[in-house]
Amino acid sequence: MTSAASEPRRFRSPWQLRLEARLEQPAWLNLAVSLGAVAVALVIGGIILAVVGGDPLRAYGFMLRASFGNPGVLSDTLTKATPLILVSLAAVVAFRMRLWNIGAEGQFFMGAFGASAVVLTPLLPEGTSAWITLPAMALAGIAAGAVWGFIPGWLKARFGVNEIISTLMMNYIAVSWNNFFIFAVWSEGGFQMSPQFPREAWLPRLTDLGASVPAFRGLTTHLGLAFGVVAAGLVAWILYRSRWGYEIRLLGDNPRAGRYAGISITRNTILVLMLSGGLAGLAGMSEISGVVHRLQGAISPGYGFTGIIIAWLAKLNPLIVVPVSVIFGALILAGREIQPSGLPMLIQGIILVCLIASDFLLRYRPRLVRRAVEA
Amino acid sequence: MDAITILHAGVASGTVLLFATLGEILAERSGVLNLGLEGMMLIGAMSAFSTALATGNPWLGVLVAMLVAGVLSQVHGVIAIQFQADQVVSGLALTFLGTGLSLVFGEGLSRAGAVSLLPTYSLPGLSAIPLLGPILFEDQSIMVYLGYLLVPAMWYFIYRTRPGLHLRAVGEFPAAADALGIQVARLRYLYVFIGGMFAGLSGATISLAVSPGWFSQLTTSGQGWIAIGLVIFAQWDPIRAAAGSYAFGALRRMILDIQGPTTLLGLRNPFFYNPYWGFFLQMLPYAFTIIVLVIGSREAFRKRLGAPAALGLPYIRGERGL
């Protein structure tokens, strides 16, 4: 037995930081905390940049100008945002069921492969119109991505294989798979890239309308952006308005209740990962057909991973994914020209760390309270 | 190229996976899932290499790598233990953070040239054992020998000592451990830190011993994730972890070496004459990780073994856990 009186008296501050569980979260708080987290992340990133000898204010200013400064770069930003919207939706769908698909990167590569296969193999007769070629490419991209989602989904449903690791391993396999085709099968003149696609395999860009609307001349934004926006609406409809979406959300929030309600976890695990993979695959198709116009190695600066951060920042809301993707598109666009080259990756990492840490503030209210005077 | 050379190099390459896997086993045994291994290994490899380059002392490099990775792991520790956030996303964030930090601070290091590496030794007597001697005990890096010692030591620690019992208690049933006066949060911080130090050691082993140098993300090329898979395969047991790590190390080496010779087992080597088939060989470690996970998951189901019961769950005193 220890008695409090025998302890030596220490100085104690009369104030105490206490954490109180929040009973309800005001709507503004979510936004304020997220914005605050991003701001803190930018400050930390700036400090690190200053440590390695950069000028953070100039770097951020440069990034802002290089991504939103004029219609041309704004259009480039939207072009970068296009694949991001789709891979982020892929993450949203899976994460909503608490399936950790971190294989969007690989599914993106497979989507690019599937779309390229339509063009580079004699599948369609020469001179097929774009009205057939492009939908065929999109379907092939979605299918290839969905296959890459099906495998980990089936392994999880059938054998209980942890999908975090299997989806990640599938990323490396997809890259090697693509490399084989780039180097060995479709290589053009020994270069590590396929021949350029014919025009009917290009998604229309704003600049293609330049003849009638002069303001659009040179703008790179392509039809893939519309895919992304439509997909965002579709995913929102599936998640919040359809029966399937209700099942997904219920399984995500409370799998046991879902099982008692007779919802098949096996079926939904596989289907959700296929939908997720399909969305990422469509991103790959859109990038290859709208921007790169050929299959090559460096088609993604880690879109699949950025998608995870965007999904989290958007609080898994498919509609908020769109504007958040634009911001990250700007980060990636401006990041290409900035030194050191790892900086965008670092800032993304810090943003995600700050976001997760800030979730705490949504659940608890920190409060300074006066310590009760002991009798 | 003969089998002994491959296995000799495979043991060294497996040591990298071994350190990372052992560290993750400790963190997960305490109930904290840390998916940030890849990031911590990268920052370990980078800081080890750059310290050795600056000071000329590889041992200092190892020390700094372990400290830096340990400190980085505490980012995850605070978020997972203090803030009770989702450990999957937090671990992913740690991977991004570690990768970004190592890319920014490692800028230009890949052209930096050679550093003095960790020493290699042959053990007199043991290296004379036929077959095993030349593979295990001849001309191996000091890190490889450290790996040999760590495996039984960690097994003994986890299963036969009182702190090891506390570690398991905190990961299996934190409420009971708490009731017995074990400080759950403090132990979890500690083991996450130790896990981070192991990941740093693993990174340093790459950049200062096994494949010296800094090659940005290619330095680890997913080995951190393979290690997380190996933890599941190993059923959180150090001895099984060693078996898995060395097997994967040998596989990695074999893939590198199999494309060299013109003949293989007396036949024309298809991988030499079709160099592009090498891309399919490169898939093997990742495909095998998935296969190993299938085996591990089935076995766990059959034997009713499994992850530490509180793995990934924050402990909040007074709330009904588990």
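The structure described here is a predicted model.

**Helices α1 and α10 of chain B**

- Helix α1 of chain B covers residues 3-29 and helix α10 of chain B covers residues 223-233; their axes come within 9 Å and cross at roughly 55 degrees.
- α1(B) and α10(B) are therefore oblique to each other.
- The crossing of α1(B) past α10(B) is right-handed.
- On the α1(B) side, the residues in contact are B:Val16, B:Leu17, B:Ala20, B:Thr21, B:Glu24, B:Ile25 and B:Glu28. They meet B:Gln223, B:Gly224, B:Ile226, B:Ala227, B:Ile228, B:Leu230 and B:Val231 of α10(B).
- Sorted by class, this contact between α1(B) and α10(B) consists of nine nonpolar, three polar and two charged residues.

**Helices α11 and α13 of chain B**

- The axes of helix α11 (residues 238-257) and helix α13 (residues 278-302) of chain B come within 9 Å, with a crossing angle of roughly 160 degrees.
- At that angle, α11(B) is roughly antiparallel to α13(B).
- α11(B) also passes α13(B) in a right-handed crossing.
- From α11(B), the residues B:Gly244, B:Phe248, B:Leu251, B:Arg252 and B:Ile255 take part in the contact. Their counterparts in α13(B) are B:Leu281, B:Gln282, B:Leu284, B:Pro285, B:Phe288 and B:Val292.
- The contact of α11(B) with α13(B) comprises eight nonpolar, two polar and one charged residues.

**Chain A as a whole**

- Chain A contains 13 helices and two strands.
- The C-alpha trace of chain A spans about 95 × 55 × 40 Å along its principal axes.
- Of the 375 residues in chain A, 48% are buried.
- When contacts in chain A between residues at least 6 apart in sequence are considered, 78% join residues at least 24 apart.

**The strands of chain A**

- Strand β1 (residues 15-21) of chain A pairs with β2(A) in the antiparallel sense, over seven bridges.
- One of the bridge partners in β2(A) is A:Tyr364, which pairs with A:Ala21.
- Strand β2 of chain A, residues 364-370, is hardly covered, and the count of buried residues among its seven residues is zero.

**The contact between chains A and B**

- Each chain is represented in the contact, with 39 residues from chain A and 39 residues from chain B.
- On the side of chain A that touches chain B, α5 (130-159), α6 (163-185), α11 (303-313) and α13 (343-363) of chain A each supply at least two residues.
- That side of chain A is made up of 29 nonpolar, nine polar and one charged residues.

**Two individual residues**

- A:Ala112 belongs to helix α4 (residues 104-120) of chain A. A:Ala112 counts as buried because 31 C-beta neighbours lie inside 10 Å.
- A:Ala112 and A:Ile288 are 176 residues apart in sequence, yet 5.9 Å apart in space from C-alpha to C-alpha.
- Leaving aside residues up to four places away in sequence, A:Ala112 touches A:Gly284, A:Met285, A:Glu287, A:Ile288, A:Leu295 and A:Ile299.
- B:Pro174 lies in helix α8 (residues 174-179) of chain B. B:Pro174 counts as buried, with 27 C-beta neighbours inside 10 Å.
- B:Pro174 and B:Pro134 are 40 residues apart in sequence and 46 Å apart in space, C-alpha to C-alpha.

Definitions and conventions. Residues are numbered from 1 along each chain as its sequence is written. Chains are lettered from A and ligands numbered from 1 in the order in which they are written. This is a predicted model: local features need pLDDT of at least 70, side-chain atom pairs count only at pLDDT 80 or more; totals for chains, interfaces and linings use all residues. Two residues are in contact if their C-beta atoms, placed from the backbone, lie within 7 Å. Helices (H or I, at least four residues) and strands (E, at least two) are DSSP runs, numbered from the N terminus. Ala, Val, Leu, Ile, Met, Phe, Trp, Tyr, Cys and Pro count as nonpolar, Asp, Glu, Lys and Arg as charged, and the others, Gly among them, as polar. A residue is buried if 20 or more other C-beta atoms lie within 10 Å of its own, exposed if 12 or fewer, and partly exposed in between; C-beta atoms are placed from the backbone. Axes are lines fitted to C-alpha atoms, for helices over the stretch in contact, and angles run from 0 to 180 degrees between N-to-C directions. Angles under 35 degrees count as roughly parallel, over 145 as roughly antiparallel, 65 to 115 as roughly perpendicular and the rest as oblique. A crossing is left-handed if the near helix is turned anticlockwise from the far one by less than a right angle, and right-handed if clockwise. Two strands pair if DSSP finds at least two bridges between them.
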